[in-house]
Amino acid sequence: MCRFRMRGAVALLLFSLFGAWAEATETAHKTPDIWSKLEELRDMMVEQRQELSVTKTELQLQKSKVEELEKEKAGRPTVAFSAGLTDSGNVGPFSTATTLIFSRVITNIGKAYNPITGIFTASVKGVYFFRFTAMSSRHPQLMGIMMFHNNQRVLYNVERNTVGGWQYISNALTLELEKEDVVYLRLPEDQGLHDSHDNHNTFSGFLLFPV
């Protein structure tokens, strides 16, 4: 009986030792997997930090570019105007060529256009764009527009109203102006226009860029 109990104790001890060995073996197999996962997480964190650093640098560069553009825009002069001729009907004909005074100001940013004289004065040296539209409703009558840069005529358009009703002419130019140069429109002698509150006749211009 005693021998049987001893054998059972030995068997129980061996079983316990085997179980402990199996558990240790399983843990030994699992431990490398845990370290591998930790290393992967560490590598991912390093990579994300590098990407975040690059993103911050790119954002800073973009911010610097925006600030430079804002400074450039703030320092750039802004010039633009549009004006209608009159709301009183017929203009001309006159016995001599006459400067047209577009008194119905629509836009005058920079105040470079003078609605009392009809003359645009360049506030800065630069390249400017100018456009006009003219209308006549009298038959038969010549209507024309001359554009002057200082004292030099740079454009002359003329049309005869042979059928009555509203007849239009329109044109545009890009001019390089020095500071204080002037641009204006003149009505040739013995020619006429017609205008109203609908602004059939307009004179417009704006600064494209300074030089």
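Student: What makes Ile34, Trp35, Leu38, Leu41 and Met44 a nonpolar patch on the surface?

Tutor: Patch residues have over 30% relative accessible area and no salt bridge, and nonpolar side chains are joined within 5 Å. A salt bridge is a side-chain nitrogen of Lys or Arg within 4 Å of a carboxyl oxygen of Asp or Glu. Ile34, Trp35, Leu38, Leu41 and Met44 form such a patch, with about 540 Å² of accessible area together (Shrake-Rupley method, 1.4 Å probe). This is a predicted model: local features need pLDDT of at least 70, side-chain atom pairs need 80 or more, and totals for chains, interfaces and linings use all residues. Residues are numbered from 1 along each chain, and side-chain values use heavy atoms, without hydrogens and water.

Student: Where is Ile34, and what makes that a helix?

Tutor: Ile34 is in helix H1, residues 2–75. A helix is a DSSP run of at least four residues; a strand needs at least two.

Student: How do you know that E8 and E11 pair?

Tutor: Two strands pair if DSSP finds at least two bridges between them. Four bridges join E8 to E11, so they pair, and they run antiparallel. Met146 stands opposite Arg186 in E11.

Student: What makes strand E3 a partner of E11?

Tutor: Strand E3 (residues 98–99) and E11 pair antiparallel over two bridges. Thr98 has Leu187 in E11 as its bridge partner.

Student: Why is a set of residues called a nonpolar core?

Tutor: Its members are Ala, Val, Leu, Ile, Met, Phe, Trp, Tyr or Cys, buried (under 20% relative accessible area) and joined through side-chain atoms within 4.5 Å. The largest one here has 28 residues; Leu100, Phe120, Phe130 and Leu193 touch the most other members. E7 gives the largest share, four residues.

Methods: Buried < 20%, exposed > 50% of the residue type's maximum accessible area, 1.4 Å probe, protein only. Patch = residues over 30% accessible without salt bridge, like charges linked within 9 Å, V, L, I, M, F, W, Y side chains within 5 Å.
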